[in-house]
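I am opening my notebook on a new structure. I will write down each thing as I look it up.

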Amino acid sequence: MHIMEGFLPGPWWQFWTVLAAVCVLAGMFALVRLVRNKPASLPLLGLAGAFVFILSSLKLPSIGSSSHPTGTGFGSILFGPAVCSVFCTIVLIFQALLLGHGGITTLGANIISMGVAGPLAACIIFKIGHLIRHEFGIRSFAVTVFFAAAAADLSTYVMTSLQLALAYPALEGGIPAAFLVYLGIFSITQVPLAVIEGIFIVLVMRFVISIRPEIFISLGLLSKKETEILISVSEPGHSPVSGKKWMTIGVIIVLLTAALAFSFAVFGPQPGSDDLIAETLIDLGNLPVFDPLGLISEEMHGWFFALQAGIGAAVLVFCLYLLKTRAGTGSSAKKPHTIFDEHILDDAAISSPLRHVSAWLKLIFCLSAIVIGVISPLPYLPLLIAGVMICAALLIAKVSPRLYASLLTIPLVFAGTGALVILFITGGGETLADFFRIGTLHVQITSDSLELAVLVLSRTFAGMCSLYFLTLTTPMTSLFTVLKKLRVPQAFIDLSMLIYRYIFVFIGEAIAIHNAQIMRGGYGTWKNYLTSFSMLASMLFIRTWEKGEAIFLSMDARCYDGCMALPDEEGNITPLSLTSVVVFIALILGLLFVEMTLI
């Protein structure tokens, strides 16, 4: 599955990188279109990504050596190879950067083999099996899914063998002879694992269909009659789901999966099939062109495999919980809050359990975390601050995980873009990966640029998590009251309140125009999308100006005298809250001092 770093010479690694970039870009467009048109498929998307994370982290022993399943069979059957390539790209980048499995120069080739060739083979097998069977039944469906999932696994290694054969043809026999040699090394190990993966995907598919058959109908995979046949055979029980029970089971599954991945990585047979291929290439005189990044030591590989498996298991449990709890819910269910709700921040703050805790205490708590996180010279303390803030927001303040994730998406996208620029063009220190040079612009990854990019991203993450904790637990009126008690000029406070109000006017008008355009099919095609978006941007300023004039007229009608009144909100300071804030600030100050002494 992984061609190791440096074992693809030019121009092959450039060719596969460009081809993979095109496929992943198409996959992102397909993913956005799927989420927009069929939002009910989001839990299944999470499941598909979780399987790739979990199965590709398990270095399972097999005949001759060990290897990784791919986990792409489930997602490729449901959503096709384009969407599946996005999941695989995330996993392969994680493994290339932190585990030394694969590489940056070979990333494109690995995406093509694992994220395109394998899923494409699974889709073809599933479609053919669906067409040629004479009568639909549980056995025929299971056989079709089994062969499709096994084909996704095996085709990945077939494509990898072809990529190596093209780069390193044999002296006698050329590309066909080399292809058979590499395929022989992979097939001995991979065929048993493909069988196991196929059986596992069949069981999972049956279970998911039993609890949410309507999603498979909406995706066009099965007809209503076919899903009724599958459900009648399985006869699932739809018992009520307990949140505490799912949380307990989920923690156990995450820990067991992480422990299993750690055990296979540390105590499993060494080397794996990827290592055998690398040894074969070296024996033939093909030394690697680039050295692997080696960001972590080999002793840490087991822990990072456990981290990957734990992330996948957590997503798996959460998505299964969503599928189970939402089974049978109708359109009358309450719509969850999203970032597109006009007053979502105020609504979340007012309904927060920490609403009546002193705004002074929360302000000191969050500002201290932001300042110390920005000052920190290493990324570990900002990540700790971010983790504490996330836990406090989700567990203590009871913020919706979906809302919190939606709010973090936008700043993290901007921060991630900036971190990528820093990563590739900053320079300094030891060169880890050298890509290309255009004039004076040298695109490379160095040790200093990597450290700086991670530091900037971690500081941004800590700052945004701290800011969101304050925003989602404290209404803005309470913060304005704090400013008034700090003797801030009244004109500044009034201006801040007007600006804050105009933000929601702006958002409200944008939502109204956007909804009207959607109702008229304004975003059906890319051409309509661009036209509608440009019209929205041009009309938004005019509509917001008119709305603002209406607000001032209403204020004048209510005898506005140039001074806005604020409610007197004292808030409570309990011994527990005060102690928690003091201990936290003391802890991060101590850790900051330790980091300063280590630099």
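Predicted model: local features only at pLDDT ≥ 70, side-chain atom pairs only at ≥ 80, totals over all residues.

**Entry: Lys362**

I began with one lysine and listed what it touches. Leaving out residues up to four places away in sequence, Lys362 contacts Leu354, Arg355, Val357, Leu470, Thr473 and Thr474. I then looked up where Lys362 sits, and found it in helix 14, which covers residues 359-375. Is Lys362 buried or exposed? Its relative accessible area is 4%, so Lys362 counts as buried.

Next I checked its confidence. The mean pLDDT of the protein is 78, and 83% of its residues reach 70 or more.

**Entry: the whole protein**

I stepped back to take in the overall picture. How many helices and strands does the protein have? I read off 21 helices and four strands. The protein has 599 residues, and buried residues make up 46% of them.

**Entry: a nonpolar patch**

I searched the surface for nonpolar side chains. Leu120, Ile124, Ile128, Leu131 and Ile132 form a nonpolar patch there. Together they have about 520 Å² of accessible area. I looked up Leu120 and found it in helix 5, residues 107-132. Leu120 has 42% relative accessibility, so it counts as partly exposed. An α-helix has 3.6 residues a turn, so residues three or four places apart point the same way.

**Entry: cysteines**

How many disulfides does the structure hold? I found zero. I wanted a reason, so I checked Cys84. The closest cysteine sulfur to that of Cys84 is in Cys88, and it is 4.4 Å away, which is too far for a bond. A disulfide needs the two sulfur atoms within 2.5 Å. Cys84 is buried, with a relative accessible area of 1%. I looked at Cys23 too, and it is partly exposed, at 21% relative accessible area.

**Entry: helix 18 and what follows**

Which residues of helix 18 are buried? In this helix, residues 476-485, I listed Met476, Ser478, Leu479, Phe480, Thr481 and Val482. Arg487 follows helix 18, and its phi is positive, near 65°.

**Entry: two loop residues**

I picked Lys398 for its backbone. Lys398 is not a glycine, yet it has a positive phi of about 60°. It lies in the loop between helix 15 (380-396) and helix 16 (401-425). Its relative accessible area is 60%, so Lys398 is exposed.

I moved on to Arg212, in the loop between helix 7 (174-211) and helix 8 (213-218). Arg212 is buried, with a relative accessible area of 7%. Last, I looked up the distance from Arg212 to Ala40. They are 172 residues apart in sequence, but 10.0 Å apart in space, C-alpha to C-alpha.

Conventions:
Residues numbered from 1 in each chain as written. Heavy atoms only, no water. Patch = residues over 30% accessible without salt bridge, like charges linked within 9 Å, V, L, I, M, F, W, Y side chains within 5 Å. Areas by Shrake-Rupley, 256 points an atom, 1.4 Å probe, with all protein chains shown as cover. Salt bridge = Lys/Arg side-chain N within 4 Å of Asp/Glu carboxyl O. Buried < 20%, exposed > 50% of the residue type's maximum accessible area, 1.4 Å probe, protein only. pLDDT = per-residue confidence, 0-100. Contact = heavy atoms within 4.5 Å.
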